[in-house]
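Please open the structure in a viewer and keep the selection tool at hand.

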Amino acid sequence: MNKITVEICYGTLCFVMGGEVFETLQEHLPEEIKQVVTLKGMVCPGYCHQQEKYGKPPFVKVQDRLICEANPQKIIACITNLMKDGSNQ
Ligand code: FES
């Protein structure tokens, strides 16, 4: 099984809009998810400047899926779906 890449925006707007919770995301992931994800930071890709198109910060990308108003629950749900449908293989 290939690893699932989770990219967290560390831009200022995402950080102040709730992204700071992701600093400890690794610790809060269930063990079976921890084993299949690679967590990365990303510099602001500019989504926050086009909120009418992409939604509200904070933004996190799970593989090629963009999550707006991201929180640990949404991220875990997205990872779980990818694991289920096998699109990470
Ligand atoms: S600060 Fe996160 S998309 Fe701009």
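The tour begins with the whole chain and then moves to its parts.

**The whole model**

This is a predicted model, in which local features need pLDDT of at least 70, side-chain atom pairs count only at pLDDT 80 or more, and totals for chains, interfaces and linings use all residues. Residues are numbered from 1 along each chain as its sequence is written.

Colour the model by pLDDT, the predictor's confidence in each residue, from 0 to 100. The mean for the protein is 92, and 96% of its residues reach 70 or more. Among the elements, helix α4 (residues 51-54) has the highest mean pLDDT, 98, while helix α2 (residues 25-28) has the lowest, 86.

Next, display the cartoon. There are 5 helices and 4 strands; these are DSSP runs numbered from the N terminus, with helices (H or I) of at least four residues and strands (E) of at least two. Along the sequence they follow the pattern β-α-α-α-β-α-β-β-α. The radius of gyration, taken over C-alpha atoms, is 12 Å, close to the 12 Å that the globule rule (2.2 Å times the number of residues to the power 0.38) gives for 89 residues, so the protein is as compact as a globular protein of that length. The C-alpha trace spans about 35 × 25 × 20 Å along its principal axes.

**The sheet**

Select the 4 strands. They form an open sheet in the order β2-β1-β3-β4, with mixed pairing. β2 (37-42) and β4 (65-67) each have a single partner strand and stand at the edges, so one side of each is left without a neighbour in the sheet. Two strands count as paired if DSSP finds at least two bridges between them.

Now select β1 (residues 4-9) with β2: the two run parallel and are joined by 6 bridges. Which residue of β2 is the bridge partner of Glu 7? The partner is Lys 40.

Select α5 (residues 72-85). Helix α5 lies across β1, β2, β3 (60-62) and β4, and runs at about 15° to β3. Such angles run from 0 to 180 degrees between N-to-C directions of axes, which are lines fitted to C-alpha atoms, for helices over the stretch in contact.

**The core**

Select Val 6, Phe 59, Val 60, Val 62 and Ile 75. These have the most contacts inside the largest nonpolar core, which has 16 residues. Such a core is a set of buried Ala, Val, Leu, Ile, Met, Phe, Trp, Tyr and Cys residues joined through C-beta atoms within 7 Å. A residue is buried if 20 or more other C-beta atoms lie within 10 Å of its own, exposed if 12 or fewer, and partly exposed in between, with C-beta atoms placed from the backbone.

Keep Val 60 selected. Among the residues that Val 60 touches are Val 6, Ile 67 and Ile 75, where contact means C-beta atoms, placed from the backbone, within 7 Å.

**The last stop**

Finally, select His 28, which lies in helix α2. His 28 is partly exposed, with 13 other C-beta atoms within 10 Å.

How values were computed. Contact = placed C-beta atoms within 7 Å. Lists of a residue's contacts leave out its neighbours within four places in sequence.
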